Amino acid sequence: MSGIHFPKNFILGAATAAYQIEGGRYEGGKTESIWDKFCEIPGKIDRGETGEVACDHYHRFREDVALMKRMHLEAYRFSVSWSRILKDGDGEVNEEGIAFYSALIDELLSAGIEPVLTLYHWDLPQHLQEMGGWLNPESISWYLRYAGVLFDAFGGRVKRWITFNEPFVFTDFGYVTGSFPPGIKGDYRSKHIAAHNVLKAHGMAVRLFREKKIAGEIGITLDYAYNCPIDNSPENVQAAELANEFWAGWFYEPIVFGHYPERALKYFQAHGVAPEIKEGDMQLIAEPIDFLGINHYFCNYVEADKNNTREGTRLVYPPRNHNDMGWAITEDGFKVFLDYLKKTLKVPLYITENGISLNDIINLHGEVLDFDRIDYLERYLSVLAEAIEGGLDCRGYFYWSLMDNMEWAAGYKPRFGLIYVDYATQKRLIKRSGMWYRDLIDEKNR
Ligand code: GAL
């Protein structure tokens with residue numbers, strides 16, 4: 001017994017993304033994506049790894065759905081690879097690509113698992129990148145056409161849709177840190193232009209979804225590494241608020257409040273790196289959604305720092321447990337963050353990602369005894385369950401990830417899965433945490 005109590009209609013599932021698991025790079029009429037290309041550039045991905053084969057889910061999805069069923073998962077969040085659906089991203093519809101996802105959806109439905117579809121989890125078709133990618137205002141129409149094809153093909157069978165995964169991460173890492181494609185460094189202006197187009201594309205897709213009268217719900221997934229003050233002094237509390245406005249708030253506030261955070265906007269305008277905001281843009285971005293997805297892995301602890309003339313804070317690293325990527329385990333901060341969400345959010349919330357990577361090993365008895373992952377789940381899920389009891393309208397939780405996979409620029413070393421993947425043989429093994437999660441689901445439904 002976990003002692004964690006969720007309402008019966010609360011959904012417990014797991015998540016993945018196309019590039020991280022599918023493989024099948026040259027198969028089924030797929031054209032090239034920016035991640036296919038980026039992985040070929042020496043030095044970009046740890047150990048030179050690529051998603052060419054990944055978990056070979058493209059061929060093994062039936063086996064993977066069977067494993068989900070063994071774990072009693074109630075929902076599965078996956079993403080569609082744009083490059084499988086439209087030739088080069090803006091060409092003809094690739095029926096083989098549609099057929100692949102159609103078969104996956106049918107397999108899930110017949111296993112009693114709800115499919116939750118993310119339209120865009122970072123793998124832009126390379127051809128569109130060559131035409132300027134998200135910096136090109138045309139990107140909004142490219143995306144809209146793609147969204148329309150998916151709505152027509154899977155509408156009715158898929159009831160929950162997510163327009164974008166983590167626009168902060170792919171624009172910031174794409175144009176500021178340079179660790180993701182297109183690999184540009186220090187270009188805040190491009191980041192903000194790309195992000196503004198992405199947010200507008202999101203709003204347009206929501207409108208299209210309504211026009212087409214698709215039965216179901218649509219929302220967006222934002223990442224939010226919440227900044228907590230290191231103590232309760234007013235100066236640190238205010239500093240943490242400002243840090244949130246400059247980071248995740250840059251995306252959260254337009255979607256939820258209908259405007260960019262004022263202080264951050266002024267700062268970016270003064271530095272000539274703000275996006276151009278045209279009449280109607282903010283209404284479009286804040287087009288009413290049915291739910292908000294939040295991906296949350298850790299909190300940052302910050303204090304006021306006068307020398308930082310941007311967001312006025314300094315990161316502080318309190319002594320804590322960390323995962324093997326160095327991310328702090330901060331369920332106490334998660335609690336504060338959920339309170340912020342409860343106060344500000346007017347639509348239902350889903351935690352669409354949360355999880356931990358560990359250096360998992362298969363023991364002599366052929367088991368993966370990942371007790372630290374169970375501990376992480378206990379910490380985060382008990383905080384979530386308590387918040388729901390306290391009135392937070394959160395309808396579901398998706399563990400990241402269903403299975404070990406290609407962790408972007410960090411390659412295959414980080415293992416986030418509830419299922420262990422032996423990449424040499426493609427054998428899967430449900431970890432102890434996966435069985436713990438199954439028991440939690442059973443407990444809820446009892
Ligand atoms: C998220 C991302 C996932 C996964 C996860 C773990 O930012 O959406 O694709 O990589 O982080 O790092």
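1. How many nonpolar, polar and charged residues does the lining of the largest cavity have? The lining has 12 nonpolar and 2 polar residues, and no charged ones. This is a predicted model, and the points below should be read with that in mind.

2. The count of cavities of 30 Å³ or more comes to 4. The largest cavity holds about 100 Å³ of space, and about 70 Å³ lies in the second largest cavity.

3. The lining of the largest cavity is made up of 14 residues. Those nearest the centre of this cavity are I34, Y120, F170, P181 and P182. Two helices, α2 (34–38) and α8 (167–175), each supply at least two residues of this lining. The largest share comes from α8, with 3 residues.

4. The second largest cavity is lined by A18, Y19, E22, G23, R25, K30, S33, D36, G51, S81, R84 and D123. By class, the lining of the second largest cavity has 2 nonpolar, 4 polar and 6 charged residues.

5. K200 is a residue to look at individually. K200 sits in helix α9, which covers residues 188–211. The relative accessible area of K200 is 14%, and K200 counts as buried because that value is under the 20% cut-off. Leaving aside residues up to four places away in sequence, K200 touches I140, D281, L284 and I285.

6. The last point concerns a helix pair. Two packed helices are described by the angle between their axes and the distance between the axes. For helix α11 (residues 249–257) and helix α14 (residues 331–344), the axes come within 12 Å and cross at roughly 25°. The cut-off for roughly parallel is an angle under 35 degrees, so α11 is roughly parallel to α14. On the α11 side, the contact is made by Y252, E253, V256 and F257; on the α14 side, Y340, L341 and T344 take part. By class, the residues of the contact of α11 with α14 divide into 5 nonpolar, 1 polar and 1 charged.

Notes. Residues numbered from 1 in each chain as written. Predicted model: local features only at pLDDT ≥ 70, side-chain atom pairs only at ≥ 80, totals over all residues. Heavy atoms only, no water. Helix = DSSP H or I, 4+ residues; strand = E, 2+ residues; numbered from the N terminus. Buried < 20%, exposed > 50% of the residue type's maximum accessible area, 1.4 Å probe, protein only. Contact = heavy atoms within 4.5 Å. 1 Å grid on protein atoms, 1.4 Å probe; cavity = no way out; pocket = protein on both sides within 12 Å on 5 of 7 lines; lining within 4 Å. Points joined across faces, edges and corners; volume = space filled by probe spheres on them. Nonpolar A, V, L, I, M, F, W, Y, C, P; charged D, E, K, R; others polar. Axes fitted to C-alpha atoms, helices over the stretch in contact; angles between N-to-C directions. Parallel < 35°, antiparallel > 145°, perpendicular 65-115°, else oblique.
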